[in-house]
Amino acid sequence: MVDFTLTDEQKDLRELAHDFAEKDIRKVAWEYDKDSTWPDDIIKKAWEVGLMNTHVPEEYGGPGLDYLSGALIEEELSWGCSGIATSLGANGLAGAPLLVAASEETKQKYLGMLTEEPKLASFCLTEPDAGSDVSGMRTNAVKKGDKYVINGSKCFITNGSYADWYTVYAKTDKDAGHRGISCFVVDRELDGVTVDKKEDKLGQRASNTATISFNDVEIPEANLVGEENKGFKIAMMTLDRTRPGVAGMATGIAQAAFEFARDYSKERVQFGVPIAMHQAIQFMIADMATKIEASRLLTWQSAALLDQGKRNTLASSHAKRFAADSCMEIATDAGQVYGGYGFIKEYPVEKLMRDAKIMQLYEGTSQIQRLVIAREVLMPRQVEAPEPATA
Ligand code: CAA
């Protein structure tokens, strides 16, 4: 039997996140977007009420929430503002490789740092010349005694300017392709770590996106996450865990755009009746509603599989691809319902159209999701399932 009923705890968390989005995020969202304001105050408050580090297990100070709860929270926060939600959620991406593969000491130290204080961490995978093609990275780590020395540059790093530590992927065997990549935790305060460039973005302008460079950065060998040369799989298993949350975020933007368009269509009068009475508009609203339902169901499924300890690679790519593309379509259609006003900054949907675009790009483009889906359905392979729930 398929049961789509949320538990009481999941309903409470969803309500908590929605209230927070309504009272603390929405009221500043358009202003923070305009000025590209770093949402420091909101991060501190979200941390206090327990809306950050949601998957960190209790032994490291977190709430150890299931992935479905995480996706519900992401949807609601993103309904408030996806730029601010991205800032709040990036610790989850940075911490996931630790949950996948790090030693007990590393988890205690670095995940504990995030739960003891409202601190931030970033996930450093992408490079200027290696985005979708992860194996093409140039950042390298050379073992010298009991240390690794890291050199290279990572771009498009969410929260990069404000993070206290980074999960960094680097080549430890330059001739071994994806089998020569390792994952490390790098402290921001180390000599040679620099924050280079803050991006000026089209959308999600309240989130911070920076380039981080590593010049002869010496890190203790204990900061290797998992085994040497196993970093590529750690990255892939990380993205399997985080893409349901991104799909949830895309659904949140879509829901917001839908609500604005629905309400506007009932107020705006043309040809003597509210435009909601015209079938052309009704069909757009109907398609938006169907796409949101489908996005939400795919998101829940991809998260629920993780919670059951099952492999969710295919499901998370289905969810991320469909929710992201639907989000872009819905935001654009909401703009269409607003007509000329949809193009004006004074009206809400213009921001949502700009914010929606990144959903098709970060954590794997829609084309990369299709590539994963095609490989999974054409030539499925056996990969070990993740540990259940919070592991
Ligand atoms: N789980 C476990 N193992 C996996 C896996 C998964 N989901 N997917 C692949 N693997 C394993 C394969 O089994 C294979 O193992 P073997 O070594 O045993 O053969 C190995 O990994 C290599 O797999 P592929 O041959 O499929 O690798 P590929 O080079 O063709 O790349 C890819 C596959 C899907 C294109 C991958 O490179 C990818 O996901 N690219 C997109 C990267 C991405 O999402 N970047 C986003 C950065 S984060 C971000 O955006 C956040 C931010 O802060 C802005």
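**Exercise 1. How does the lining of the second largest pocket divide by class?**

Solution. Work on the predicted model.
- Start with the space: the second largest pocket holds about 300 Å³.
- Next, list who lines the pocket. There are 13 lining residues, and Asp 3, Leu 68, Trp 300, Ala 304 and Gln 308 lie nearest the centre.
- Now sort the lining by class. Eight residues are nonpolar, three are polar and two are charged.
- Finally, find the main contributor. Helix H7 (residues 279–307) gives six residues, the largest share of this lining.

**Exercise 2. Describe the shell around the ligand.**

Solution. 
- Begin with the residues. The shell counts 27, and those that come nearest are Thr 158, His 178, Glu 363, Arg 375 and Arg 381.
- Sort them by class: 13 nonpolar, seven polar and seven charged.
- Assign them to elements. Strand S3 (147–158), helix H6 (231–267) and helix H10 (366–378) supply at least two residues each. H6 has the largest share, with seven residues.
- Domain 2 (121–230) and domain 3 (232–378) each provide at least three residues of the shell.

**Exercise 3. Find polar atoms of the protein that pair with oxygen atoms of the ligand, and state how far the protein covers the ligand.**

Solution. 
- Apply the cut-off: a polar contact needs a pair of N or O atoms within 3.5 Å.
- Check Lys 233. A polar atom of its side chain is 3.1 Å from a ligand oxygen.
- Check Arg 243. An N or O atom in its side chain lies 2.9 Å from an oxygen atom of the ligand.
- Now turn to cover. On its own the ligand has 1,100 Å² of accessible area, and the protein covers 83% of that.

**Exercise 4. Why does the second largest cavity lie between domain 1 and domain 3?**

Solution. 
- Search the whole structure for cavities of 30 Å³ or more: there are two.
- Read off its lining: Ala 71, Leu 72, Glu 75, Ala 247, Gly 248, Thr 251, Arg 296, Thr 299 and Trp 300.
- Helix H3 (67–80), H6 and H7 each give two or more residues.
- Sort by class: four nonpolar, three polar and two charged.
- Draw the conclusion. The cavity lies between domain 1 (8–116) and domain 3 (232–378) because both give residues to its lining.

Conventions: Residues numbered from 1 in each chain as written. Predicted model: local features only at pLDDT ≥ 70, side-chain atom pairs only at ≥ 80, totals over all residues. Heavy atoms only, no water. Near = heavy atom within 4 Å. Polar contact = N/O pair within 3.5 Å; in protein donor to acceptor, adjacent residues only side chain to side chain. Areas by Shrake-Rupley, 256 points an atom, 1.4 Å probe, with all protein chains shown as cover. Helix = DSSP H or I, 4+ residues; strand = E, 2+ residues; numbered from the N terminus. Nonpolar A, V, L, I, M, F, W, Y, C, P; charged D, E, K, R; others polar. Domains from an automatic or database assignment. 1 Å grid on protein atoms, 1.4 Å probe; cavity = no way out; pocket = protein on both sides within 12 Å on 5 of 7 lines; lining within 4 Å. Points joined across faces, edges and corners; volume = space filled by probe spheres on them.
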